[in-house]
Amino acid sequence: MKVLALTKYSEIGASSRQRFLVFRDHLREHGIELSVSPLLDTAYIEARYAGARTDWSAIARAYLARLMRLRNAKSFDGVWLQYEFFPYLPGIMEAFASGRSTRLIVDYDDALFHQYDRHRNPIVRSGLGNKLKPLLRRADLAICGNAYLERYAAALCARTAVVPTVVDTAIYQKAQSPTDNALPVIGWIGSPTTWDYVKPIVPALSRLAGETVREIRIVGAPDQDRVPSGFEFLAWSEASEVALIQGMDIGIMPLPDEPWARGKCGYKLIQYMACGLPVVASPVGVNTEIVAHGVNGFLATTEAEWVSALTTLSQSPDLRARMGAAGRAKVEKHYALAAQGPRLAALIRETLSGDRRARSEAGVS
């Protein structure tokens, strides 16, 4: 079976890598060959992270290239689309691009609909607030990273399924034990666009740095003009991210309780837990499913709760070990490539070929 995977980004884009590329070899083993065609290339993403101005001519070329790619869609058994065909173009373009003869699967790991219906510009809200609806009505299946996203999709799409974001547990291994008497390292990994979520708890982290913990390791944030004392800012790369997480002792994921954040799929929590780290996270969206409070980590809202949770973990290596082991076990059961890969393969096979035997394997109605 040949599937055209229309991702938004190349392999450097976290969402495309996590939702599509991580499954490529696994799907091949199940007879599904992905032909991946990103909308935006690596140069675009690197420029965006570097804070460069938007190159509108590059975007125009990317949209034209996608139109040309869609002309060959009929040579595939189906299309697996990340988010939408053309960002910020009207919904009629989504309906036109999707055609009628090609089977279509759409995939969401972010509340993309809020990018339009809650945009700060009223013109965008009015003109594009409903742009995803024709696409979802047309789709044969909507794959969603969590229940919040599925609720939106299910009101429009005839068939939906939740497939969480996963890690390959053969690559993400338990972190090495820290040396005796060493103060622990609190860590965060993300992107320049998600660093803003950490800023509200920087005062809480600063209270711990150098006393309760050895350092606060920040991976993937933008360059800092003023680096707080006790913070270490490191560049992200795909080759180094596992080792960087393994050098942490506690993983954190702060989030604001806002509609966009409720659509997040908790990927960094899954990364930490796969490496055997206990976690502390905001009780927002899927975080409350991934983190069992007091079992594999703590949920924290106020600054006092963050300080208390991090202090408790920092002062007890045994507690960190127990919670880390519980988190690793949870990842292996629910958030591992080996756990979700066969189900995703069944979803794709059943949707694109009408193989009803795959329906029970896929867990869809």
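A nonpolar core is taken here as a set of buried Ala, Val, Leu, Ile, Met, Phe, Trp, Tyr and Cys residues joined through side-chain atoms within 4.5 Å. Buried means under 20% relative accessible area, exposed means over 50%, and partly exposed lies in between (1.4 Å probe, protein chains only). The model is predicted: local features need pLDDT of at least 70, side-chain atom pairs count only at pLDDT 80 or more, and totals for chains, interfaces and linings use all residues. Residues are numbered from 1 along each chain as its sequence is written, and side-chain values use heavy atoms, with hydrogens and water left out.

The largest nonpolar core holds 56 residues. Ile186, Leu205, Ile252, Leu269, Tyr272, Val280 and Leu310 touch the most other members. Helix H13 (residues 267–274) gives the most to this core, with 6 residues. Helices (H or I, at least four residues) and strands (E, at least two) are DSSP runs, numbered from the N terminus. Contact means heavy atoms within 4.5 Å. With residues up to four places away in sequence not counted, Tyr272 touches Gly187, Trp188, Ile189, Ile245, Met248, Gly251, Ile252, Leu277 and Val279. Another core, of 39 residues, lies apart from the largest one. Among its residues are Leu4, Phe76, Tyr108 and Cys144.

Helix H15 (residues 303–314) has 12 residues. From first C-alpha to last, H15 reaches 16 Å, close to the 16 Å expected at 1.5 Å a residue. The expected span is 1.5 Å times one less than the number of residues. Buried residues of H15 are Trp306, Val307, Ala309, Leu310, Thr311, Leu313 and Ser314. Their cover includes strands S7 (185–189), S10 (250–253), S11 (279–281) and S12 (297–299), together with helices H10 (202–208) and H16.

The axes of H15 and H16 (residues 317–335) come within 6 Å and cross at roughly 105 degrees. H15 is therefore roughly perpendicular to H16. Axes are lines fitted to C-alpha atoms, for helices over the stretch in contact, and angles run from 0 to 180 degrees between N-to-C directions. Angles under 35 degrees count as roughly parallel, over 145 as roughly antiparallel, 65 to 115 as roughly perpendicular and the rest as oblique. Thr312, Leu313 and Ser314 of H15 make the contact with Leu319, Arg320 and Met323 of H16. These residues divide into 3 nonpolar, 2 polar and 1 charged. Ala, Val, Leu, Ile, Met, Phe, Trp, Tyr, Cys and Pro count as nonpolar, Asp, Glu, Lys and Arg as charged, and the others, Gly among them, as polar.

Two tyrosines stand out by backbone geometry. Tyr83 has a positive phi of about 70 degrees although it is not a glycine. For Tyr88, also not a glycine, the positive phi is about 65 degrees. Tyr83 lies in the loop between strand S3 (78–82) and helix H5 (91–98). Tyr88 is found in the loop between S3 and H5. At 5% relative accessibility, Tyr83 counts as buried. Tyr88 is partly exposed, at 39% relative accessible area.

Ser37 occupies the loop between strand S2 (33–36) and helix H3 (42–49). Its relative accessibility is 13%, so Ser37 counts as buried. Neighbours within four places in sequence aside, Ser37 is in contact with Leu4, Ala5, Leu6, Thr7, Arg66 and Arg69.

Arg24 belongs to helix H2 (residues 24–29). Arg24 is partly exposed, with a relative accessible area of 31%. Excluding residues up to four places away in sequence, Arg24 touches Leu34 and Val36.
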